[in-house]
Amino acid sequence: GFDCCCLTLQPCRNPVITPDGFLYDKEAILSALLSQKKEAALKMKAYGKQLKEQQKETFATAASVEKAKVEAFKATENSITSKSSTFTGRAAVASDVQAGSSSGSSGSATADKNLPSFWVPSLTPQAKPTLIKKPDNKTYCPMSGKPLKIKDLLTVIFTEIVDKDDKRSLICKDARYMCPITRDTLSNSVPAAVLRSSSPRKT
């Protein structure tokens with residue numbers, strides 16, 4: 001019916017309406033918005049953890065780069081020192097030839113080491129983790145999907161049809177509410193409007 005909550009599909013005990021005209025029971029919509037806030041808080045916590053891990057990885061990468069530079073500098077210094085030592089020409093030529101042959105074999109061995117392997121744990125390709133996007137802290141209307149705040153909800157007061165002869169409870173009645181001005185019975189086929197004012201709204 002027109003007076004049923006869009007979430008519970010039951011007649012509203014404390015009806016409130018959104019700026020887009022969706023009617024909710026106050027308890028149901030507050031519970032839905034609170035659930036959204038809790039979910040957003042959990043996502044924000046996971047996002048903050050991800051940022052910390054990214055910062056650690058950045059610092060670790062920068063440290064490894066600096067270490068590699070230092071090692072390269074040491075290697076250069078050692079090579080200069082070794083070249084300044086006394087070697088005979090023949091020994092130098094022999095060592096160059098041997099170094100050339102060994103570099104070819106070592107180069108192929110290095111290329112083989114760089115190939116991914118699915119059997120060696122250290123060489124197994126690693127899947128990159130899925131990055132979490134920064135969560136949105138806004139709450140949204142379950143029906144329209146538009147941003148919705150608690151202060152945007154308007155309280156609705158229906159004018160009840162008083163029938164002294166009908167002893168049934170309000171929820172069991174087919175005609176429950178009427179227009180406070182024309183006294184026409186409200187139903188799904190009757191257009192209704194909610195007036196926004198400083199006092200609770202009546203329909």
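Which residues is T139 in contact with, leaving aside its neighbours within four places in sequence? I looked it up and got L33, Q36, K37, K146, P147, L148 and K149. Contact here means heavy atoms within 4.5 Å.

Ground rules before I go on. I'm working with a predicted model, where local features need pLDDT of at least 70, side-chain atom pairs count only at pLDDT 80 or more, and totals for chains, interfaces and linings use all residues. Residues are numbered from 1 along each chain as its sequence is written, and side-chain values use heavy atoms, with hydrogens and water left out.

**Entry: T139**

I found T139 in the loop between helix 2 (89-114) and strand 3. Helices (H or I, at least four residues) and strands (E, at least two) are DSSP runs, numbered from the N terminus. T139 is buried, at 9% relative accessible area. My cut-offs: buried is under 20% relative accessible area, exposed is over 50%, and partly exposed is in between (1.4 Å probe, protein chains only). I also checked the side chain of T139: one of its polar atoms sits 2.4 Å from the backbone oxygen of L148.

**Entry: the whole chain**

I stepped back to the overall layout. The protein chain has two helices and six strands, and along the sequence they come as β-β-α-α-β-β-β-β. How much of the chain is buried? I read off 18% of its 203 residues. The accessible surface comes to about 15,800 Å², with 59% of that belonging to carbon and sulfur atoms; such areas come from the Shrake-Rupley method with a 1.4 Å probe, and for residues only the protein chains shown count as cover. I also looked at contacts with a separation of 6 or more: residues 24 or more positions apart account for 50% of them.

**Entry: helix 1**

I picked two residues here. Y47 lies in helix 1 (residues 26-84) and is buried, with 17% relative accessible area. Leaving aside neighbours within four places in sequence, Y47 touches I132, K133, K134 and P135. Y47 and I132 are 85 residues apart in sequence, yet I get 6.1 Å from C-alpha to C-alpha.

A40 is in helix 1 too, and at 11% relative accessibility it counts as buried.

**Entry: aromatic rings**

How many aromatic pairs does the structure hold? I count three. Rings of Phe, Tyr and Trp (its six-membered ring) pair if their centres lie within 6.5 Å; planes under 30 degrees apart are stacked, over 60 edge-to-face, and the rest tilted.

One of them is F2 with F158, an edge-to-face pair at 5.9 Å centre to centre and 80 degrees between the planes. F2 lies in the segment before strand 1 (15-17) and F158 in the loop between strand 3 (154-157) and strand 4 (159-160), so this pair ties together parts that are 156 residues apart in sequence. F2 is partly exposed at 27% relative accessibility, whereas F158 is buried at 16%.

F158 also pairs with Y177, this time stacked: 4.6 Å centre to centre, 25 degrees between the planes. Y177 is in strand 5 (residues 177-178), so the pair ties together parts that are 19 residues apart in sequence. I noted Y177 as buried, at 9% relative accessible area. Put together, ring pairs link F2, F158 and Y177 into a cluster.

Terms used. A polar contact is a pair of N or O atoms within 3.5 Å; within protein, one must be able to donate a hydrogen and the other to accept it, and residues adjacent in sequence count only if both atoms are side-chain atoms.
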